[in-house]
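I opened the model to look up a handful of local features. My entries follow the order in which I checked them.

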Amino acid sequence: MAKNGVVEGDPPTATATAELKRELQRLVKAILSEDDINVDTIDKTHQTLFALKDLNLKQRPSSFNSQLPFPDEFRCPLSKELMRDPVILATGQTYDRPFIQKWLKAGNRTCPRTHQVLSHTILTPNHLIQEMISQWCKNNGIQLPDSVQYLNDKGLTEADRDLFFSLLERMSSTLSDQKVAARELRLLTKKMPSFRALFGESTDAIPQLLRPLSQSNSNVHPNLQEDIVTTLLNLSIHDNNKKLVAETPKVIPLLLDALRSGTIETRSNAAAALFTLSALDSNKELIGKSGALKPLVELLNEGNPVAMKDVASALFSLCIIQDNKARAVRDGAVRAILKKIMNNVHVDELLAILAMLSNNQKAVEEMGDLGAVPCLLNIIRESSCARSKENCIAVLYTICCCDRTKWKTIRDEEKTYGTISELVQNGTARAKRKASSILDRLNKAVNLTHTA
């Protein structure tokens with residue numbers, strides 16, 4: 001049976017084709033009869049078309065005899081087969097497009113043959129070799145599939161590329177066209193890693209994507225903004241895109257605008273994009289200098305559950321570098337984090353950020369002033385999370401070393417509940433070390449008092 005455009009089992013080709021055509025006819029009728037376009041129906045239509053195309057390609061007999069010897073210059077260095085769509089890499093070497101694309105999409109940034117680092121990943125058609133292969137095939141009575149039809153399981157056809165560039169062109173058209181194109185790009189970059197990689201092959205692709213937001217931020221349609229921001233998030237998932245996306249001049253400012261003024265879904269996805277981009281240390285610095293910490297802290301303060309996890313992840317990643325810790329503290333991160341922790345909101349994630357900020361002197365002073373000590377002691381007593389207890393005791397140790405007036409609270413806690421001793425016995429290795437250090441200081445203080 002055909003279900004959602006996917007053929008189940010292994011029915012005869014004719015039966016499968018007929019079922020796919022009936023499914024396609026049903027989906028098209030559904031689209032035409034509905035007043036509002038259903039995105040899921042469109043997706044299923046695409047899937048059915050692709051399945052029908054794939055079935056058609058598979059049933060075509062191969063006319064190429066792989067045993068027939070052919071000139072070495074026609075052989076792809078990766079597949080060792082006759083090239084159907086020869087393209088030139090940055091190093092000047094020629095490969096068959098689907099196989100070099102697969103090599104690049106695997107994260108490789110060197111030439112397979114020369115091992116040179118690539119200056120770019122743009123693939124240029126080798127028309128001379130293509131013409132020579134076509135002539136050789138003609139002379140030997142061989143018919144190869146068109147390059148448009150020839151692809152591996154993860155490659156892109158020329159039709160895919162044409163779709164990609166046509167969608168980018170529509171981003172400069174009417175609002176209606178922009179909305180349709182942005183939605184399609186969002187879906188394609190979510191489902192197909194190869195479409196994410198396409199953005200890295202053209203220096204103009206990301207600026208074209210951003211054009212609707214660049215033209216008039218104040219009047220941008222909220223759904224259009226959400227789709228563009230989410231597409232940026234999808235692009236940033238691709239490791240080879242992270243540097244390109246972050247360093248494209250308008251990307252970070254537009255993500256910050258989205259953090260402040262988008263729908264909650266847009267704001268959450270903007271935070272997620274900053275988190276994903278911040279995987280690179282160079283991007284952490286760039287994002288921090290752009291002023292991203294303040295809107296992230298403001299979104300954290302608002303406490304919308306949709307965005308909290310993405311915001312916490314972005315703050316944690318960005319605050320790995322020292323300069324961003326200072327920026328986060330200046331922008332109110334300590335107060336916002338402690339407020340959420342005291343309200344039992346995302347405690348484990350936020351404690352990790354608090355522990356990271358605890359090597360900043362101003363942050364530690366602020367933690368002490370805002371009542372962090374009793375709060376953290378309570379978490380150690382009540383929490384079942386070993387990592388959270390570890391972060392609590394680490395922060396407590398730093399606070400008490402900075403402010404001796406807090407030792408009394410620690411001493412009273414230990415006398416009443418034995419909280420620190422319990423952690424020495426059952427905590428993580430790091431928690432045990434910190435708890436032991438606190439107990440040592442408490443004992444020394446007691447001994448000094450008795451001596452006096």
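**Helix H6**

I began with burial in H6, where Gln178, Ala181, Ala182, Glu184, Leu185, Arg186, Leu187, Leu188 and Thr189 are buried. Buried means under 20% relative accessible area, exposed over 50%, and partly exposed in between, with a 1.4 Å probe and protein chains only. Helices (H or I, at least four residues) and strands (E, at least two) are DSSP runs, numbered from the N terminus.

I noted the ground rules next. This is a predicted model, so local features need pLDDT of at least 70 and side-chain atom pairs count only at pLDDT 80 or more, while totals for chains, interfaces and linings use all residues. Residues are numbered from 1 along each chain as its sequence is written, and side-chain values use heavy atoms, with hydrogens and water left out.

I picked leucine 188 in helix H6. Leucine 188 has a relative accessible area of 11%, so it is buried. Leaving aside neighbours within four places in sequence, I found leucine 188 in contact with Leu163, Leu167 and Phe195. Contact means heavy atoms within 4.5 Å.

Then I moved to threonine 231, in helix H9 (residues 222-237). Its relative accessibility is 0%, so threonine 231 counts as buried. Which residues does threonine 231 touch, not counting those up to four places away in sequence? They are Ala182, Leu185, Arg186, Thr189 and Leu209. Ala182, Leu185, Arg186 and Thr189 are among the buried residues of H6. An α-helix has 3.6 residues a turn, so residues three or four places apart point the same way.

I also looked up the C-alpha separation of leucine 188 and threonine 231: 8.9 Å, for 43 residues apart along the chain.

**H18 against H21**

I turned to the pair H18 and H21 (residues 386-402), whose axes come within 9 Å and cross at roughly 30°. That makes H18 roughly parallel to H21. Axes are lines fitted to C-alpha atoms, for helices over the stretch in contact, and angles run from 0 to 180 degrees between N-to-C directions. Angles under 35 degrees count as roughly parallel, over 145 as roughly antiparallel, 65 to 115 as roughly perpendicular and the rest as oblique.

Which residues meet in this pair? From H18 I listed Asp348, Leu351, Ala352, Leu354 and Ala355; from H21, Ser388, Asn391, Cys392 and Val395. The contact divides into 6 nonpolar, 2 polar and 1 charged. Ala, Val, Leu, Ile, Met, Phe, Trp, Tyr, Cys and Pro count as nonpolar, Asp, Glu, Lys and Arg as charged, and the others, Gly among them, as polar.

**Positive phi**

Most residues other than glycine have a negative phi. I logged two exceptions. Lysine 80 has a phi near 65° and lies in the loop between H2 (39-58) and E3 (86-88). Asparagine 344 has a phi of about 65° and is found in the loop between H17 (333-342) and H18 (347-357). At 64% relative accessibility, asparagine 344 counts as exposed.

**Whole chain**

The chain has 24 helices and 5 strands, and 46% of its 452 residues count as buried.
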